[in-house]
Amino acid sequence: QVQFVESGGGLVQPGGSLRLSCAASGSDFSSRTMAWYRQASGKQRELVAKMSSGGRTRYKDDVKGRFTISREYGKNTVFLQMTSLKSEDTGVYYCNALTSFIDVMPRYDYWGQGSQVTVSS
């Protein structure tokens, strides 16, 4: 059974930084594109960053230059380093895998509990 466990969120002031972690299990994710999604209150979940097994990355326009996705292949762990945080970055952050790099929709219907990020002064 696939599982995603996200951690590292919290309350941070505008301009601050956070590093999210996602531990994936239940499958071999080393060959998969991994992704981070964000869901703000009252809005649909959106893809913010993804990274292929070969290290190719792509970011949502409004996080480019501020967010960095990385992964630790041997441990099926994915990270999201977030800097220069803005109030509009507030939301619950989830990770998942993609079937292919060009996809937006996640491969798995299962979602972890997510990690709450709140950017507020």
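Mentor: Let's start with a rule: two rings from Phe, Tyr or Trp (for Trp, the six-membered one) make a pair if their centres lie within 6.5 Å. Planes under 30 degrees apart are stacked, over 60 edge-to-face, and the rest tilted. Keep in mind that what we have here is a predicted model.

Trainee: Okay, how many aromatic pairs does that rule give?

Mentor: The count comes to 6 aromatic pairs. One of them joins Tyr37 and Trp111.

Trainee: What makes Tyr37 and Trp111 an edge-to-face pair?

Mentor: Check the two values in turn. The centres are 5.1 Å apart, and the limit is 6.5 Å, so the rings pair. The planes stand at 85 degrees, and the cut-off is over 60, so we call the pair edge-to-face.

Trainee: Why do you say that this pair ties together separate parts?

Mentor: Because Tyr37 sits in strand S4 while Trp111 belongs to the loop between S9 and S10, the pair connects parts that are 74 residues apart in sequence.

Trainee: And why does Tyr37 count as buried?

Mentor: Buried means under 20% relative accessible area. Tyr37 comes out at 4%, so it counts as buried.

Trainee: What makes Tyr94 and Trp111 a pair as well?

Mentor: Their ring centres are 5.7 Å apart and their planes are at 75 degrees, so this pair is edge-to-face too. Tyr94 is in strand S9 and Trp111 in the loop between S9 and S10, 17 residues apart. Tyr94 has 10% relative accessibility, so it passes as buried. Elsewhere, ring pairs link Phe4, Phe29, Tyr108 and Tyr110 into a cluster.

Trainee: Switching to sulfur: how do you know that Cys22 and Cys95 form a disulfide?

Mentor: Their sulfur atoms are 1.7 Å apart. The cut-off is within 2.5 Å, so the pair qualifies. The structure holds 1 disulfide. Cys22 lies in strand S3 (residues 18-25) and Cys95 in strand S9 (residues 91-98), so the pair ties together parts that are 73 residues apart in sequence. Both cysteines are buried.

Trainee: What makes S2 and S6 edge strands?

Mentor: Look at the sheet first: 6 strands form an open sheet in the order S2-S10-S9-S4-S5-S6, with mixed pairing. Strand S2 (10-12) and strand S6 (57-59) each pair on one side only. From one strand to the next, the twist averages 25 degrees.

Trainee: Why is S4 called largely enclosed?

Mentor: Of its 7 residues, 6 are buried, so the rest of the structure largely encloses strand S4 (residues 33-39).

Trainee: Which strands make up the other sheet?

Mentor: 4 strands form an open sheet in the order S1-S3-S8-S7, and the pairing is antiparallel. Here the edges are strand S1 (3-7) and strand S7 (67-72). The twist averages 15 degrees from one strand to the next. S7 is joined to strand S8 (residues 77-82) by 6 bridges.

Trainee: Why does Lys50 count as buried?

Mentor: At 4% relative accessibility, Lys50 is under the 20% cut-off, so buried it is. Lys50 is in strand S5 (residues 46-51), and its contacts include Met34, Arg58 and Phe101. The backbone oxygen of Phe101 lies 2.5 Å from a polar atom of the Lys50 side chain.

Trainee: How do you know that Asn96 is buried?

Mentor: Its relative accessible area is 0%, so Asn96 is buried. Asn96 lies in strand S9, and among the residues in contact with it are Tyr37, Tyr108 and Trp111. A polar atom of the Asn96 side chain lies 3.2 Å from the backbone oxygen of Tyr108.

Notes: Residues numbered from 1 in each chain as written. Predicted model: local features only at pLDDT ≥ 70, side-chain atom pairs only at ≥ 80, totals over all residues. Heavy atoms only, no water. Helix = DSSP H or I, 4+ residues; strand = E, 2+ residues; numbered from the N terminus. Buried < 20%, exposed > 50% of the residue type's maximum accessible area, 1.4 Å probe, protein only. Contact = heavy atoms within 4.5 Å. Polar contact = N/O pair within 3.5 Å; in protein donor to acceptor, adjacent residues only side chain to side chain. Pairing = 2+ DSSP bridges. Axes fitted to C-alpha atoms, helices over the stretch in contact; angles between N-to-C directions. Lists of a residue's contacts leave out its neighbours within four places in sequence.
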